[in-house]
Amino acid sequence: MGHLPGGVLRAPGPPALSPTDHRHPGDDTMHDRKPVQSWLTDMDGVLVHEGQPVPGAPEFVKRLRASGKPFLVLTNNSIYTPRDLQARLARMGLDVPEEAIWSSALATAQFLADQRPGGTAYVIGEAGLTTALHAVGYVLSDFAPDYVVLGETRTYSFEAITKAIRLIDDGARFICTNPDATGPSVEGALPAAGSVAAMISKATGVDPYFVGKPNPMMMRSALNTIDAHSESTAMIGDRMDTDILCGLEAGLETILVLTGISSRAEAERYPYRPSRIVDSVADLIDEV
């Protein structure tokens with residue numbers, strides 16, 4: 001038995017195929033998995049890369065929509081609302097409905113609403129996070145809040161970070177949308193929520209609870225959103241340490257694409273494997 005965040009026991013998942021194995025679900029090597037009836041896919045590195053659609057991604061999304069199978073596009077980025085992301089994808093020729101986008105901000109808001117309905121939070125983040133928290137009935141306050149919630153923002157304020165540290169010292173619970181240490185920009189890497197969380201933890205001695213990938217909580221909340229079952233759902237991702245790990249621990253079939261972060265050689269160095277490795281989502285169009 002393994003452990004999920006929070007000490008929850010996890011039963012071993014199904015045996016993974018070799019990363020070079022391109023056999024499909026339903027073959028005799030995957031007899032313990034049901035045919036894929038719903039799909040989860042990461043966004044950056046899978047559908048889009050450096051501001052451009054991945055070749056085959058528009059056709060893959062079109063096939064998904066035509067199939068009628070439930071699907072969600074996932075992102076750890078908490079800056080944008082689903083409407084913002086829908087518009088961004090539409091500009092690149094990807095017709096993804098607003099309700100088919102699931103972010104770490106939405107997962108965080110749902111988690112807090114389940115934990116402490118109608119609570120209060122001091123938030124460091126942007127519209128994606130604040131809108132999601134308002135939607136579940138949370139009040140944003142810096143007066144004795146139930147939670148300090150840290151998300152992504154383009155400009156982290158030292159004043160806001162100091163306020164967060166003092167509120168946590170006074171007893172506020174510490175939540176972070178995602179553990180990503182850096183984010184991309186045209187000029188290079190930028191510090192992301194994980195790095196800022198580490199600074200706050202160093203100052204307070206309190207570690208946050210991360211809701212986004214690789215916490216399988218992100219996957220389970222996504223499955224619940226589309227009323228899907230782990231045994232008949234596939235997760236497509238480009239990162240072994242987030243997408244594939246998260247999908248594996250949630251009991252999903254995992255498919256690594258080579259259009260983003262992790263290469264085939266890098267995948268071999270991890271102690272766990274995806275169910276399959278394919279070049280891109282273009283290789284999955286005929287499976288939908």
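**Helix packing, aromatic pairs and buried elements**

Helix H5 (residues 158-169) packs against helix H6 (residues 193-204) with the two axes 10 Å apart and at an angle of about 45°, which makes H5 oblique to H6. The contact between the two helices is built from Ile161, Ala164, Ile165, Ile168 and Asp169 on the side of H5, and from Val196, Met199, Ile200, Ala203 and Thr204 on the side of H6. Here helices (H or I, at least four residues) and strands (E, at least two) are DSSP runs numbered from the N terminus, and contact means heavy atoms within 4.5 Å. Axes are lines fitted to C-alpha atoms, for helices over the stretch in contact, with angles from 0 to 180 degrees between N-to-C directions; those under 35 degrees count as roughly parallel, over 145 as roughly antiparallel, 65 to 115 as roughly perpendicular and the rest as oblique.

The model is predicted, so that local features need pLDDT of at least 70 and side-chain atom pairs count only at pLDDT 80 or more, whereas totals for chains, interfaces and linings use all residues. Residues are numbered from 1 along each chain as its sequence is written, and side-chain values use heavy atoms, with hydrogens and water left out.

The protein chain contains nine helices and 17 strands. Of its 288 residues, 51% are buried, where buried means under 20% relative accessible area, exposed over 50% and partly exposed in between (1.4 Å probe, protein chains only). Among the contacts that join residues at least 6 apart in sequence, 67% are between residues at least 24 apart.

In one of them, the rings of phenylalanine 111 and tyrosine 209 have centres 5.0 Å apart and planes at 25°, so that the pair is stacked. This pair links distant parts of the chain, since phenylalanine 111 belongs to helix H3 (residues 104-115) and tyrosine 209 to strand E14 (residues 209-210), 98 residues apart. Phenylalanine 111 has a relative accessible area of 11% and is thus buried, whereas tyrosine 209, with a relative accessible area of 22%, is partly exposed. Another pair joins tyrosine 138 and tyrosine 147, whose ring centres are 6.4 Å apart and whose planes stand at 40°, so this pair is tilted. Both tyrosine 138 and tyrosine 147 are buried.

After H4 comes glycine 137, which has a positive phi, near 90°. Helix H8 (residues 240-249) is mostly covered, with eight of its 10 residues buried, namely Met240, Thr242, Asp243, Ile244, Leu245, Cys246, Gly247 and Glu249. H8 is followed by glycine 251, and the phi of this glycine is likewise positive, near 85°.

Several backbone features fall in loops. Lysine 213 and proline 214 are joined by a cis peptide bond with omega about 10°, and proline 214 is placed in the loop between E14 and H7. Positive phi values also occur in residues other than glycine, including alanine 144, with phi near 45°, and aspartate 227, with phi of about 55°. Alanine 144 lies in the loop between E9 and E10 and, at 60% relative accessibility, counts as exposed. Aspartate 227, found in the loop between H7 and strand E15 (233-237), is exposed as well, with a relative accessible area of 74%.

Notes. Rings of Phe, Tyr and Trp (its six-membered ring) pair if their centres lie within 6.5 Å; planes under 30 degrees apart count as stacked, over 60 as edge-to-face and the rest as tilted.
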